[in-house]
Amino acid sequence: MKIAIIAVGRVKERGLRDAIDDYEKRIKRYAKLDEIELEDGSTSEVEARFRKAIPQRARVIALEVEGQRMTSEKFARYVEQCEIGAVPALAFVIGGSYGLPKSVSDAADLKLSLSDMILPHRLARLFLAEQIYRAYTILRNEPYSH
């Protein structure tokens, strides 16, 4: 299965970038991974950039504060069900400072909340990358998840 993390904005802070890169490298042991950074702009421009970036036939997961909350275990089971169901790709979409365009969020297969608090896109990406890696270690009963 392929995983795409598609986010508005760039992560420029060195330490944060290094941490995200570390988790993405770990994830690549289990799945193909693409990180796509989109340029911000008007709502219509950002919508078009998301449409172009989301892989065909992907299951789209929109990161939204009001989305569904999951434990790490439940999230791992969600990833597992996608693998078992032959979902070709999971596309995690993260908005910029104004959130996701409504049309992108409304079209998502799942709205997922990482926290009841609003996170800057940079931190959301780190949190998400860690949870994706954790999901794979849970599914394989590897020591990291304990």
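What kind of unit do S1, helix H1 and S2 make?

Modeller: Happy to. Please keep in mind that this is a predicted model. Strand S1, helix H1 and strand S2 form a β-α-β unit, and the unit is right-handed. Helix H1 covers residues 14-27. Strand S1 takes in residues 2-8 and strand S2 residues 32-38; the two run parallel and are joined by seven bridges. You can find two of the facing positions for yourself. Ile3 has Leu33 of S2 as its bridge partner, while Ile6 stands opposite Ile36, also in S2. As a reminder when you look at either strand, side chains in a regular strand alternate between the two faces of the sheet.

Now let us step back to the sheet that holds these two strands. It is an open sheet of five strands with parallel pairing, and its order is S2-S1-S4-S3-S5. S2 and S5 (110-113) stand at the edges with a single partner strand each, so one side of each has no neighbour in the sheet. From one strand to the next, the twist averages 30 degrees. Helix H3, made of residues 72-84, lies across S3, S4 and S5, and its direction is at about 160 degrees to S3.

What does Arg125 touch? Leaving out residues up to four places away in sequence, its contacts include Ile5, Ala7, Arg17, Ile20, Glu35 and Glu37. Gly9, Arg10, Val11 and Ile94 are also among the residues that Arg125 touches.

Helix H5 itself deserves a moment. It runs over residues 121-139, which makes 19 residues, and it reaches 27 Å from its first C-alpha to its last, close to the 27 Å expected at 1.5 Å a residue. Of those 19 residues, 14 are buried, so H5 is largely enclosed by the rest of the structure. After the helix comes Asn141, whose phi is positive, near 50 degrees. For the aromatic side chains, Tyr23, Tyr30, Tyr133, Tyr136 and Tyr144 are linked into a cluster by ring pairs. The count of aromatic pairs comes to five.

One more stop, around Pro101, which sits in the loop between S4 and helix H4 (102-107). Pro101 is buried, with a relative accessible area of 8%. Setting aside residues up to four places away in sequence, Pro101 touches Thr43, Val46, Glu47 and Phe50. Pro101 and Glu47 are 54 residues apart along the chain, yet their C-alpha atoms are separated by 6.3 Å. Ala48 belongs to helix H2, residues 43-53. Is Ala48 buried or partly exposed? It is partly exposed, at a relative accessible area of 33%. Its C-alpha atom is separated by 9.5 Å from that of Val104, which is 56 residues away along the chain.

Technical notes
Residues numbered from 1 in each chain as written. Predicted model: local features only at pLDDT ≥ 70, side-chain atom pairs only at ≥ 80, totals over all residues. Heavy atoms only, no water. Helix = DSSP H or I, 4+ residues; strand = E, 2+ residues; numbered from the N terminus. Expected span 1.5 Å × (residues − 1). Buried < 20%, exposed > 50% of the residue type's maximum accessible area, 1.4 Å probe, protein only. Pairing = 2+ DSSP bridges. Right-handed = clockwise from strand over helix to strand, strands pointing away. Axes fitted to C-alpha atoms, helices over the stretch in contact; angles between N-to-C directions. Contact = heavy atoms within 4.5 Å. Phe/Tyr/Trp six-rings, centres within 6.5 Å; stacked < 30°, edge-to-face > 60°.
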